[in-house]
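Good morning, and thank you for coming.

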Amino acid sequence: MRRLTLFLAAALLVAGADSASGQMVKAGVQGGLNIATADVKGDFFTEDVGTRTGMHLGITAWVDLTKYFAVRADAMYSQKGFGKGDGDVSVSVNYIEIPLYFVFQIPATVKPYLLFGVVLGLESSCNVSTASETNVPCADVSSAPQTKGADSGLVFGLGAETKFGPGFIFADAIFNYGLTDVSEPSLEIKSITTRTFYLSLGYTFNICQTIQ
């Protein structure tokens, strides 16, 4: 993970140094739907792990280094988690997530793009719901999975952007493949790695643009 982050940072510096077509800086807001689950290993889950549907909401910033290449950074509140296969137990783990993307785009009126990068998540809350209790803090339930407080992963997806009014509207679909074991060691749980699918809609404004 550390090597990947260093590689992305180095590539960003090279792309910025080689850019001669001007740079556009955009910033705005985004939000949408989360479909979250996890790869859970241990005796606690004896059936397929279920999903949790949530939402994400935050801010976004884009730098178009060339007409084909951009970088994007987000900061957002994101609801993740998973359920026990039989539906008796669900775990809700919410994060403040900071993804950094490389964006490859095709110039057009409706501009399609591909993006990939890395993401860091800092846990804001962890709650457990059962048939008899709802949103009980994970720390208060001895039999519930206990989380470490941070997550990281790879993010990749696709989307499209177009001019709309004074700014730009965009929509994308992104998958977050968790790399960090977010569980504390226990007899019931060996490891938990998150898997999250995001459907987003956002709007940005042009902040500044260098001379072409």
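Let us begin with Glu97 and Lys80, which are both buried, meaning under 20% relative accessible area, where over 50% is exposed and in between is partly exposed (1.4 Å probe, protein chains only). The side chains of Glu97 and Lys80 meet in a salt bridge, at 2.9 Å from N to O; the term denotes a side-chain nitrogen of Lys or Arg within 4 Å of a carboxyl oxygen of Asp or Glu. Glu97 lies in strand β4 (residues 90–105) and Lys80 in strand β3 (residues 69–83), so this pair ties together parts that are 17 residues apart in sequence.

A word on the basis: this is a predicted model, in which local features need pLDDT of at least 70 and side-chain atom pairs count only at pLDDT 80 or more, while totals for chains, interfaces and linings use all residues. Residues are numbered from 1 along each chain as its sequence is written, and side-chain values use heavy atoms, with hydrogens and water left out. Strands are DSSP runs (E, at least two residues), numbered from the N terminus.

How many salt bridges does a search of the whole structure find? It finds nine. Lys26, Asp64, Lys111 and Glu161 are linked in a network of them. Within it, Lys26 forms a salt bridge with Glu161, the closest N and O atoms being 2.7 Å apart. That pair links distant parts of the chain, with Lys26 in strand β1 and Glu161 in strand β7, 135 residues apart. Lys26 counts as buried at 0% relative accessibility, and Glu161 counts as buried at 3%.

Conventions: Helix = DSSP H or I, 4+ residues; strand = E, 2+ residues; numbered from the N terminus.
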